[in-house]
Amino acid sequence: MKRTFLAVLGAGLVALGTGVPAWAHHSFAAAYDMGNTITVHGVINQVLLRNPHSWFVIDVKDASGKVEQWSFEAGTPSGMIRNGYKPDIIKAGAEVTIKGFRARDASQNRGMLSQLTTADGKTYGMFGPQEGPGK
Amino acid sequence: MTRSILTGAVAIGLVWSTAGTARLAAQSAKAASSSAIPRTADGHPDLSGVWWRGADVGGRTASGASPTAPARGPGGEPAPTFPSLYSPAAAAKAKTLSDKDDPALGCTNTAFGTLNVSLFDVGAVGQIVQTPKFVIMLTETYNSFQIIPIDGRPRRDAVPPSNRGDAIGHWEGDTLVVDKTNFTDTSWIYAEGRVSYHSDALHMVERYRRVDANTLEIDATLEDPKVLTKPWVVPKQTLVLAPFDQIMELACSNETQSLVEGASKQASAK
């Protein structure tokens, strides 16, 4: 099942156990369907710690072996770092599972990240490891 | 009976004494806190420091509140916002805009600040550096700065309009008053896709007061007679010193915008 694209639609916000940020540099609610949750498993292509928001770009292989690229939007990099995220902690080639909310524009392989899990089981939220502010 | 009365009297006395001690301690702490306001050599309060609302975006303050919680009025109702005071014509124009028109998506600074704090601009933290001549406000998320002369010089002329305006400051007692004009009409008041355009007549007056060593209060009034029916009195903002003394330099990239616009379309599959 490794590197298999799993799209789970309509699982709902509560199922993920995450909150929707009420604040963002653009309207998350306008860009993403909070009732349309997805889970994607793949390999990190690149991590962009850029303002206004960071992005995790991953390569996902479907059952036929075709690779598609997905991009997941995360938090402001400074906030992620102050919450304990280390800039080099997730590198290209790392195997990850990302849960999130799919873009309203279904023609795009894009989502809002709610949880990223690495192969060794470590989890990160939209703003990093969620260790609290200023750590 | 006598014993009960005595016991009660002692208890009341203890409570009174304890309350009195607490009052005195509070007064003493307040006095100490007030006297602890850092001051520069010329005697003015030193506003230098990294300021935030007690937590970063995504975190929680000591009270458990979100640092990005929207402002509320005295009765808990949503506080007025800049767009809530639009004239009918301005409101009609606003209806033609959407979050996709937000200049901040393309890394343009806001004119004011997405959390009603211009020191933050886009973001939830900012740094002040104070010198005898200037108060310099540095914003993190979009890497902008505002240099505010405080040495009594007149406002500059022949300065082109800017997205954050041209600022001049003066002291009224312990309060720093900052007056900003000369804005472009190409930035918005907020980011996050909240339609909040303004005109080049935007005028902003902010009042900064370091009420104790760890607390900075900010009052602001924005007027824009071309689009507002009356000045917008911004809810008072109370910031605290952050537990770090240096903000970060992180680029805002239009590459992000291209991703937002669909660089990750399925056509990009390898």
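pLDDT is the predictor's confidence in each residue, on a scale from 0 to 100. This is a predicted model, in which local features need pLDDT of at least 70 and side-chain atom pairs count only at pLDDT 80 or more, while totals for chains, interfaces and linings use all residues. Residues are numbered from 1 along each chain as its sequence is written, and chains are lettered from A and ligands numbered from 1 in the order in which they are written.

**Confidence**
- Chain B has an average pLDDT of 84, and 81% of the residues reach at least 70.
- Residues 1-29 of chain B stay under 50 in pLDDT.
- The ipTM is 0.71 and the pTM is 0.79.

**Chain A fold**
- Chain A holds three helices and seven strands. These are DSSP runs, numbered from the N terminus: H or I of at least four residues for helices, E of at least two for strands.
- The order along the sequence is β-α-α-β-β-β-α-β-β-β.
- Of the 135 residues in chain A, 44% are buried (20 or more other C-beta atoms within 10 Å of the residue's own, C-beta atoms being placed from the backbone).
- Among chain A contacts with a separation of 6 or more, 63% join residues 24 or more positions apart.

**Nonpolar core**
- A nonpolar core is a set of buried Ala, Val, Leu, Ile, Met, Phe, Trp, Tyr and Cys residues joined through C-beta atoms within 7 Å.
- The largest has 76 residues; A:Phe56, A:Phe72, A:Leu113 and B:Leu222 touch the most other members.
- Strand β3 of chain A (residues 55-61) gives the most to this core, five residues.
- Beyond four places in sequence, the contacts of A:Phe72 include A:Trp55, A:Phe56, A:Ile98 and A:Leu113.

Note on methods
Buried ≥ 20, exposed ≤ 12 C-beta atoms within 10 Å, placed from the backbone. Contact = placed C-beta atoms within 7 Å.
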